[in-house]
Structure formats: C-alpha cells, structure tokens
Amino acid sequence: MLPRRRCPFCRHWYHPHPRLNRRQQTCGRTECRRQQKQKSNQQWRAENPDYFRGAYARQKEKYGTRADYMRLYRQQHPDYVRRNAVSVQKWRQKLRQEPVSHTSFDLNLTVGPEKTSKQLSQ
Ligand SMILES: [Zn+2]
C-alpha cells in the first residue's frame with residue numbers, strides 16, 4: 001500500500017491507487033474530483049489564454065453568422081419554412097383561444113398591503 005496522502009479539498013487522508021500513484025490528486029470523491037478538474041482547467045486557461053479567443057471570428061469567416069446560415073438554410077429547405085409557418089400559426093391560434101386571465105394577474109401582483117386591500121375592495 002502506498003503511503004497515505006491528504007486530499008487538498010476535503011482534507012481527508014487517503015491511500016492513492018497503485019496504478020495512479022503520483023497522478024492521483026484527490027481522495028476520489030466526486031466533489032473533490034470536480035474541484036480538481038475545475039482547478040486544472042483554470043490553470044490550463046491561464047497558461048493558454050489565446051486558445052479560445054478568436055474562435056468565433058474564424059467560424060464567422062468560414063460559415064458566416066448564424067443569421068446568414070439560417071437564411072441559407074431556409075432558401076435550401078422550403079418545406080422547413082412551410083412546416084414552421086404552420087406551427088407558428090397554430091401557436092398563435094392557441095394564444096388567441098386561451099387568453100391570460102386578468103383576474104389571476106391582479107391577485108398575483110406584489111404590492112403593499114394597503115394598495116392590495118384597496119384594489120380588492122373596489
Ligand atoms: Zn477529497
């Protein structure tokens with residue numbers, strides 16, 4: 001058995017797994033492993049600050065903006081446009097058929113106690 005070590009997160013003692021030995025940084029509990037991963041990610045980001053920077057600019061150059069992509073997609077997929085129009089129509093009809101209750105809206109208002117009682121008495 002390898003000599004015991006202290007977990008840097010929960011401060012519990014543990015014996016590292018023989019195959020992991022030096023690489024094992026935590027006691028192995030999910031919460032400690034998550035914290036270790038977060039710490040190593042932060043370290044990596046600090047060492048490689050430009051890695052994620054400029055990714056969007058590169059993608060935009062290659063594929064265009066999201067709006068450009070959707071415009072092109074709609075041009076190439078007319079049945080998608082028709083299907084979407086039908087579902088939007090149905091959704092709007094449903095909205096018209098089930099109007100929001102005005103009385104329940106009034107009761108849910110969070111105002112001072114005097115105001116609420118005034119409104120209720122009116
Ligand atoms: Zn731990």
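Modeller: Two residues are in contact if their C-beta atoms, placed from the backbone, lie within 7 Å. This is a predicted model, in which local features need pLDDT of at least 70 and side-chain atom pairs count only at pLDDT 80 or more, while totals for chains, interfaces and linings use all residues. Residues are numbered from 1 along each chain as its sequence is written.

Colleague: Among contacts in the protein chain between residues at least 6 apart in sequence, what percentage join residues at least 24 apart?

Modeller: The count considers contacts between residues at least 6 apart in sequence. Of these, the share that joins residues at least 24 apart is 6%.

Colleague: Which pattern does the protein chain follow along the sequence?

Modeller: Helices (H or I, at least four residues) and strands (E, at least two) are DSSP runs, numbered from the N terminus. The protein chain has six helices and two strands. Read along the sequence, the pattern is β-β-α-α-α-α-α-α.

Colleague: What percentage of the 122 residues in the protein chain is buried?

Modeller: A residue is buried if 20 or more other C-beta atoms lie within 10 Å of its own, exposed if 12 or fewer, and partly exposed in between, with C-beta atoms placed from the backbone. In helix α1, residues 30–47, the count of buried residues is zero. Helix α2, residues 55–63, lies largely in the open because the number buried among its nine residues is also zero. For the protein chain, the buried share is 2%.

Colleague: How far does helix α1 reach from its first C-alpha to its last?

Modeller: The expected span of a helix is 1.5 Å times one less than its number of residues. For the 18 residues of α1 the expected value is 26 Å, and the reach in the model is close to it. That reach is 26 Å.

Colleague: What is phi of N21?

Modeller: N21 is placed in the loop between β2 and α1. N21 counts as exposed because 10 C-beta neighbours lie inside 10 Å. Its phi is positive in a residue other than glycine, near 35°.
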